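Subject: Structure handover

Hello,

Here is the structure we talked about. Please open it next to this email and follow along.

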Number of protein chains: 2
Amino acid sequence: MEKSKPYGTVLLKAAKIMDYLADNPNKPLQDISRATEMTNPTTLKILETLLLIGYVSRDKNKNYRLGSKIIRYANQYFDQIDLVELTLPYLEKLQKSIDETIHLGVLVDNEIIYVNKLEPKYQTIRMSSKVGITRPLYSSAMGKAVLAEFNETEYANYLESTPLVPHTEHTITNSLKLDAELQKIRSTGIAFDDEEMEKDIYCIGASLKKGDQIIGAFSVSLPKYRLTADFKNQIIRAVAETKDELEQALIH
Amino acid sequence: MEKSKPYGTVLLKAAKIMDYLADNPNKPLQDISRATEMTNPTTLKILETLLLIGYVSRDKNKNYRLGSKIIRYANQYFDQIDLVELTLPYLEKLQKSIDETIHLGVLVDNEIIYVNKLEPKYQTIRMSSKVGITRPLYSSAMGKAVLAEFNETEYANYLESTPLVPHTEHTITNSLKLDAELQKIRSTGIAFDDEEMEKDIYCIGASLKKGDQIIGAFSVSLPKYRLTADFKNQIIRAVAETKDELEQALIH
DNA sequence: GTATATAATTTCCTAATAGGAAAAGGGGTT
DNA sequence: AACCCCTTTTCCTATTAGGAAATTATATAC
C-alpha cells in the first residue's frame, strides 16, 4: 500500500510559503525561495497569486508577510464557534474566584486549540501561552478531559494516529496508564495535568459538551509551587461549578 | 495591454473554496462544488489537499469548515503587529471617559482592518461591527486619518486604484472635496466620519504612527443623535490625548 | 431488510498548467 | 559609470489538473 501523491502541487508550495511567512514576517523573495527550496520565478509567481487573493501582502520594499484575508478567515472561524463570547462571563467569574491563568480551548483535528486566555490579575508569575497555539490531547488537562469523552472507536483511532511523545519526564507515554487516567477523569469530570506538558506547570480542567457534541474544554493553570492541597480543592470545586454553568449556557 | 492569466489555477480554486467555507461553515462536498462551480472530483481533490495542510477540517459527517491552521496564522499575524495588547490599556482608559464604541484598526493593502473593538459599558444602543472586517480609507474616520498621513505619491496611487463609491448620501465621492477634508485633518490631527459609511453613525478618529511608519488608527463611534456639541468636544479632546499617549507608547 | 436515491470517491486519459534555465530589467553603492 | 544583487520576464516541455464515467458508500423510503 503506497501513499498516492497529493493533488495540487502549487497549493502545497503556497502553504509552505505561508508557513514560512507566518514564522518569518517581512521577508524578501530571495529569502522565501531559499527557505522553501524553490526557484525565484516559481516563488514569485505563487506570491503574486497569493497577493491577488489577499493571503499575503507586500510592502514597498518588496517584503512579504501574511495578508489581511487571514484575519477575515480567523474572524469567521471564531464566529463558527462563537464560544468565546458565550463563555466569557463564566470564565471571568472563575477568574475572580481563582486568580490564575484560565484557558478555553476547542477540539479540532484531535488537538486542543486555545481560543481564549484570561490572565491572573494579581499574580505576577504568569504562564506564557497564546491564543492560537495547540496542545496534544494526551498530555494536557484540557486534552485529557476531552479524550475521556471519546467513544471507543474514536479513542482507538486517536491512539493509532498519535504517538505518545514525552514532553517532560511526567508525560504519560503508556497507553494503559492513559486508560487508567481517563477512567478516573470519567468518574470525577475533572482532569489534571501534573507537569506533563511543561515542567512546574499544573493544570486542572474539564470538558465542555453541547448535548452529545464535544466542543472543547477549559482549564486553570498555575505554577505547581502555588498549589496547596486546600487551593487544589478550591480550584476543583470552582472548575466543576463552572463546567455546569457553561454546559447550561451552551444549551441556551 | 492585456492582463495575463494568473499563475496557480489550483490556488485560485482553493481560495474560492476557502472563501465559501468562511461564509458557509459545515458544508458537504456537493454544496461546495455547486457554490464554487467546480466538479465533485476536482473539489474533492482540492479539499483533501487543504485538509492535509490544515486549512480546512472535516467532521465525521463529511462536512467541511475552515481548519485550525487559520487560527495559527491569525495569531502570528497579530504577533507581527502586537498592537492590540500594547494599546489596550490606553483604549480602555479612553473607553472609560467616553462610553462609546472604540475601534482599533491597522492599515493593510490600503484598507483599515479592525483588530480590536471595545464596547460601551452602559449604552444599550451599540454599533454592529466586528474584528476582522475592513473599511475603505476614503469613507471612514480611521481611514481618512490614515490617508492624511500618506505622501503625495502614495495618495496619488491610492486615488488611482480606488473608485470613490458612495455608501451613503454623505460619502465623499469627489476627490477635490476629499483633498480639502484631508487638509483639515492634517491641521488638527483629528478625522471625522459624518455618516459617510453608515447612516446615523458618527466617528471621530486619529491615526497612529510609529515614528514615520503609519500603523493604523483608532476611533470612537456613536449614533449621531447622541452627539451634542459639548460631547463632541469632549471626545475630540480625549481622542487627541489618547493619540499622544499611544504614540508615546509605540516608541517604547 | 431490501430497494432506491443521493452523495462521495476512484479511474484514467488528454488538455492545460507548472517550473526552471536563461536572459533581461531595476536599483542602489562604491 | 561600472558593478553587484535581487527581481521579473520569456519560453518550452515535463508534469499536473480536470472531468466524464464508472464505482462505491451512505442515507432514506418502503
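Below is what was found, taken topic by topic.

First, the ground rules. This is a predicted model, in which local features need pLDDT of at least 70, side-chain atom pairs count only at pLDDT 80 or more, and totals for chains, interfaces and linings use all residues. Residues are numbered from 1 along each chain as its sequence is written, while chains are lettered from A and ligands numbered from 1 in the order in which they are written.

**The two copies**

Chain B superposes on chain A by a rotation of 179 degrees with 0.1 Å of shift along the axis, at an RMSD of 0.2 Å.

**Where the chains meet**

The contact takes 40 residues from chain A and 40 from chain B. Contact here means C-beta atoms, placed from the backbone, within 7 Å. On the chain B side, the elements giving two or more residues are α1, α3, β3 (63-66), α4 (68-81) and β5 (111-118). Helices (H or I, at least four residues) and strands (E, at least two) are DSSP runs, numbered from the N terminus. α4(B) gives the most, with 10 residues. By class, this side of chain B has 22 nonpolar, 10 polar and 8 charged residues. Ala, Val, Leu, Ile, Met, Phe, Trp, Tyr, Cys and Pro count as nonpolar; Asp, Glu, Lys and Arg as charged; the others, Gly among them, as polar. 100% of the interface residues of chain B are also interface residues in chain A, so the copies meet through the same surface.

**The DNA strands**

DNA strand D is surrounded by 18 residues, and the closest are Pro28(A), Leu29(A), Gln30(A), Asn40(A) and Pro41(A). A residue is near a strand if its C-beta atom, placed from the backbone, lies within 6 Å of it. DNA strand C also has 18 residues around it; here the closest are Pro28(B), Leu29(B), Gln30(B), Asn40(B) and Pro41(B).

β1 (residues 27-28) of chain B pairs antiparallel with β3(B) over 2 bridges. Strands pair if DSSP finds at least two bridges between them. Lys27(B) stands opposite Tyr64(B). β2 (residues 56-58) of chain B also pairs antiparallel with β3(B), over 3 bridges. There, Ser57(B) has Arg65(B) as its bridge partner.

**The sheet in chain A**

Chain A has an open, antiparallel sheet of 6 strands in the order β6-β5-β4-β9-β8-β7. β6 (134-136) and β7 (191-194) stand at the edges with a single partner strand each, so one side of each is left without a neighbour in the sheet. β8 (residues 201-210) and β9 (residues 213-223) of chain A are joined by 10 bridges. Helix α9 (residues 229-251) of chain A lies across β8 and β9, at about 25 degrees to β8(A). Axes are lines fitted to C-alpha atoms, for helices over the stretch in contact, and angles run from 0 to 180 degrees between N-to-C directions.

Best wishes

Technical notes. Contact = placed C-beta atoms within 7 Å. Least-squares fit on C-alpha atoms with pLDDT ≥ 70 in both.
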